[in-house]
Amino acid sequence: MRRLMVAGNWKMNGTRASVAELLKGLKSQEFSATVEVAIFPTFLHVNEAVEALQGTSVKVGAQNLATQSGPGALTGEVSASQLTDAGCTLVLIGHSERRQLLGEAESVLVEKFKAAQEAGLVPVLCVGETLAEREADQTFDVVGAQLDSIMDSLGVEVFSRAVIAYEPVWAIGTGLTATPEQAQDVHHAIRARLAARNAEVAQGVRLLYGGSVKAANAAELFRMPDIDGGLIGGASLNADEFGAICRAAGN
C-alpha cells in the first residue's frame with residue numbers, strides 16, 4: 001500500500017517574519033499519520049524550517065541541488081551532502097520553472113538525480129507538458145521522454161527510492177487544474193511506462209499531482225487510483241489551506 005504524500009513547494013517566497021508565521025501555523029495543524037507531509041522552502045529558510053519542525057512529522061526538502069553530491073568549487077551552488085547535513089531528506093528535481101525558464105537539460109537532471117540519491121536524499125522528479133504540447137496530443141510522448149532520460153541513464157530501479165510529480169505546465173500558477181480524469185490518465189500512463197521495465201517498482205512508486213491544487217479540489221483528485229497525493233504551490237503558503245489539503249488526503 002502506497003502512503004499518500006502532500007508536499008508544499010514554497011518557490012521563491014518568504015521573509016524571516018513570514019516564514020516564522022507560516023511555520024507556526026503548520027505546527028498547529030493536525031496531520032494524519034497516513035499521510036507523509038513535506039515542505040520545500042528556499043535555501044535561506046531551510047535551517048529555520050528544520051529547527052522549527054523538530055519533533056513533528058513534517059519533513060523538509062530543498063528546491064534544487066548541484067550536479068555533484070559533495071563539496072567543490074561551484075560558486076553559488078549547494079551540494080546534496082550539504083542539504084542532508086542541514087536536515088533535508090528530499091529534493092525537487094526538474095520542476096518546469098527550471099526546465100523552461102532556466103534551461104535545465106535532461107542530462108543535467110540525470111546528474112542531479114544521481115547526486116541526490118548518492119547523498120541519501122529522496123528525489124522528487126517533476127514531469128509535465130506545456131499547453132501547446134497537450135493541444136498537439138504530445139502529453140504522453142513528452143512525459144515519457146522525461147521519465148526515459150532517467151531510466152535510460154540510471155535504470156528503472158532508482159524510482160524505488162524516488163517520487164514522481166506530474167505537473168502540467170499549463171496548470172502551474174494559472175488557476176487552471178487538470179480534471180481528476182485528465183490527471184489520472186497521465187498518472188496511469190506514467191505507472192504503465194515504469195511497469196514496462198519493472199512492475200514492482202511501478203506499483204510502489206508514489207505519483208503526485210501538482211497544478212493549482214486547493215482544498216476545494218484536493219479530495220476529488222486524491223480519490224483517483226494512481227494519484228498518491230500532491231505537490232502544492234501557492235496554497236502551501238497558507239498553513240490552514242495546506243492543512244486542509246493534507247486532511248483531504250488523509251480522508
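Leaving aside neighbours within four places in sequence, which residues is histidine 95 in contact with? They are Asn9, Lys11, Cys126, Glu167 and Ile172, where contact means heavy atoms within 4.5 Å.

## Basis of the model

This is a predicted model, in which local features need pLDDT of at least 70, side-chain atom pairs count only at pLDDT 80 or more, and totals for chains, interfaces and linings use all residues. Residues are numbered from 1 along each chain as its sequence is written, and side-chain values use heavy atoms, with hydrogens and water left out.

## The listed site

An unreviewed UniProt entry lists His95 and Glu167 under "active site"; such annotations may be inferred rather than shown by experiment.

## Histidine 95

Histidine 95 sits in the loop between strand 4 (90–93) and helix 4 (96–100). Helices (H or I, at least four residues) and strands (E, at least two) are DSSP runs, numbered from the N terminus. With a relative accessible area of 5%, histidine 95 is buried (under 20%, by a 1.4 Å probe, protein chains only).

## Glutamate 167

Glutamate 167 lies in the loop between strand 6 (163–166) and helix 8 (180–195). Glutamate 167 is also buried, at a relative accessible area of 6%.

## The link between them

A polar contact of 3.2 Å joins the side chains of glutamate 167 and histidine 95. The term covers a pair of N or O atoms within 3.5 Å; within protein, one must be able to donate a hydrogen and the other to accept it, and residues adjacent in sequence count only if both atoms are side-chain atoms.

Methods
Buried means under 20% relative accessible area, exposed over 50%, partly exposed in between (1.4 Å probe, protein chains only).
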